[in-house]
Amino acid sequence: MPAQSSAGPVGNRPIVLIGPMAVGKSAIGQQLAQQLGAPFVDTDAVIVAGHGSIADIFTGRGERAFREIEARAVASTVEAAEGTATVISLGGGAVLDSGTQQLIGRCTVVYLECDANTVAARIARNSGRPLLAGDAMGRWTEMFAARKPVYERLADITLDVRQGSVSELGNRLEAALHNYAAAKQEVEK
């Protein structure tokens, strides 16, 4: 689990990345953590380490069982990261759980905003996403439309990831976090 880290741009609060499948939460999260000298945790990787592949969980136990496992993984990760600037990447549907929504309220939540064109090539390369079986882009678009209002409501910061390399996006996100922290301190004065 996450190790203690020095205060990040938002103090000692975990930074949680949310957004749809294939938007780059893991890559951008790893980049940001490296820049901040902070730990990085991908909750999908936590699930795989403890329960096997996500596709196998969906196939063998169903989406409901997966969502229960996911909610527990997010809860343990966020609780372990409290008091640190750990960067945490959540699976695209993790925010649908009301308990998860409450838990991440204690964190700085960053919504990685995109569109179907941004993720189309990534989805085409990765066929191992169980919720995208069949018409992958059609399913992605449908899920994104349903989840987008949740992402927007939960976000403290929204980062448009339509253009830029992972390192450029990491730099933009770090700057946005610093601006957010400064604005928050101003309000608290």
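Student: What is the accessible surface of the chain, and what share belongs to carbon and sulfur atoms?

Tutor: This is a predicted model, in which local features need pLDDT of at least 70, side-chain atom pairs count only at pLDDT 80 or more, and totals for chains, interfaces and linings use all residues. Residues are numbered from 1 along each chain as its sequence is written, and side-chain values use heavy atoms, with hydrogens and water left out. By the Shrake-Rupley method with a 1.4 Å probe, the accessible surface of the chain is about 8,900 Å², and the share of carbon and sulfur atoms is 49%.

Student: What percentage of the residues count as buried?

Tutor: Buried means under 20% relative accessible area, computed with a 1.4 Å probe on protein chains only. The chain has 189 residues, and the part that counts as buried is 48%.

Student: Is helix 1 parallel or oblique to helix 8?

Tutor: Axes are lines fitted to C-alpha atoms, for helices over the stretch in contact, and angles run from 0 to 180 degrees between N-to-C directions. The axes of helix 1 (residues 25-36) and helix 8 (residues 166-188) come within 9 Å and cross at roughly 60°. Angles under 35 degrees count as roughly parallel, over 145 as roughly antiparallel, 65 to 115 as roughly perpendicular and the rest as oblique. Helix 1 is therefore, relative to helix 8, oblique.

Student: How far apart in space are I28 and V166?

Tutor: I28 lies in helix 1 and is buried, with a relative accessible area of 2%. Contact means heavy atoms within 4.5 Å, and I28 touches several residues beyond four places away in sequence, including V166, L169 and L173. I28 and V166 are 138 residues apart in sequence, while their C-alpha to C-alpha separation in space is 5.7 Å.

Student: Which residues of helix 4 meet helix 2?

Tutor: The axes of helix 2 (residues 43-51) and helix 4 (residues 63-81) come within 9 Å and cross at roughly 115°. That angle makes helix 2 roughly perpendicular to helix 4. T43, D44, V46, I47 and H51 of helix 2 meet, in helix 4, F66, I69, E70, A73, V74 and T77.

Definitions and conventions. Helix = DSSP H or I, 4+ residues; strand = E, 2+ residues; numbered from the N terminus. Buried < 20%, exposed > 50% of the residue type's maximum accessible area, 1.4 Å probe, protein only.
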